[in-house]
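Open the structure in your viewer and keep the selection tool at hand. The tour below goes from stop to stop.

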Amino acid sequence: MRPFLKWAGNKYRLIDRIREVLPAGQRLIEPFVGSGAVFLNTDYDGYILADANPDLIHLYRLIRDEGDLFIEEARTFFASGTNDGCVYYARREEFNALGVTPEAIRRKALLFIYLNRHCFNGLCRYNRKGKFNVPFGRYTRPYFPAAEMREFHARAQNVRFLHDDFAAVMEQARPGDVVYCDPPYVPLSETARFTSYSADKFGLAQQLRLARKAEELARRGIPVVISNHHTDFIRRAYAVANLTTFDVPRRISCNAATRRPAKEVLALFC
Ligand SMILES: C[S@@+](CC[C@H](N)C(=O)[O-])C[C@H]1O[C@@H](n2cnc3c(N)ncnc32)[C@H](O)[C@@H]1O
């Protein structure tokens, strides 16, 4: 099943490779859930799905709890005449001005689906002040993902959604759990542009913090799988893990050079 959100780095196309490496267990924990491609295409008894992006987690909780009521309201945002730059920028401004009351969070979640399907390349990028700043995408006919949202609602009924940093989420793991981490990737080169997902950049220090956390969980008997680019830095950072490497063509990139196939790694810490 495809995720209902467009998401940079989503793992839909790599799901078979990931399933081959993921160990069996009772519950899967995803601290970097993004669009949820792995959740939607695996079959654990339970899930904890988390992300540092609060807009994403609020949206997931609303779809889990409200289902069709929320989906049909989201559909009205795609009415004829709304695939237009003026409408897009007015809605982006409204999204950025909304507060944190339950009504504002709900309205923000509805707008998030519209923005995701109408913005440039489906990117989710915020400026330093935390304002969503992706330009209009100029699509011919943006798709409203009703079937994908219904599937998400059905599968999410017993899922715990958390908005937190990955380390706090990984702390919750217990024996019997499996952890799958899909962090923002290390750049392929010094000059490669970062795809930024939230106001805080995920730098090399964070990559090392994640690798150390994975080692710590593995010592406690909890297997952890991490996806990343296969660079020298990552090979050193994941030295104690079992590595599976493969080529993938890059899709979302402003730079033609980084669209060439890049080596990916799936690292199993156990
Ligand atoms: C490569 S995407 C995950 C894609 C996901 N596997 C999918 O299939 O769509 C990385 C995610 O990490 C999240 N993220 C960035 N920094 C984080 C942090 N410190 N803790 C938790 N999540 C973080 C981003 O919001 C983004 O959704």
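At roughly what angle do the axes of helix H3 and helix H6 cross? Before you look, note that this is a predicted model.

**Stop 1: two helices.** Select residues 54–66 for H3 and residues 102–118 for H6. Their axes cross at roughly 95° and come within 9 Å. Angles of 65 to 115 degrees count as roughly perpendicular, so that is how H3 and H6 lie to each other.

Now show the side chains at the contact. On H3, pick Asp-55, His-58, Leu-59 and Leu-62. On H6, pick Ile-105, Arg-106, Lys-108, Ala-109 and Phe-112. Colour this H3–H6 contact by class: 5 residues are nonpolar, 1 is polar and 3 are charged.

**Stop 2: the strands.** Select strand S1, residues 27–30, together with strand S2, residues 46–51. S1 and S2 run in the parallel sense, paired over 4 bridges. Find Glu-30, then look across to Leu-49, its bridge partner in S2.

Click on Arg-27; opposite stands Asp-177 of S4.

While the strands are on screen, recall a rule: in a regular strand, side chains alternate between the two faces of the sheet.

**Stop 3: the ligand.** Which residues are closest to the ligand? Select Gly-9, Asn-10, Gly-34, Ser-35 and Ala-37. Then widen the selection to the 22 residues that surround the ligand. Colour this shell by class as well: it divides into 12 nonpolar, 6 polar and 4 charged residues.

Note on methods
Residues are numbered from 1 along each chain as its sequence is written. This is a predicted model: local features need pLDDT of at least 70, side-chain atom pairs count only at pLDDT 80 or more; totals for chains, interfaces and linings use all residues. Axes are lines fitted to C-alpha atoms, for helices over the stretch in contact, and angles run from 0 to 180 degrees between N-to-C directions. Angles under 35 degrees count as roughly parallel, over 145 as roughly antiparallel, 65 to 115 as roughly perpendicular and the rest as oblique. Two residues are in contact if their C-beta atoms, placed from the backbone, lie within 7 Å. Ala, Val, Leu, Ile, Met, Phe, Trp, Tyr, Cys and Pro count as nonpolar, Asp, Glu, Lys and Arg as charged, and the others, Gly among them, as polar. Two strands pair if DSSP finds at least two bridges between them. A residue is near a molecule or strand if its C-beta atom, placed from the backbone, lies within 6 Å of it.
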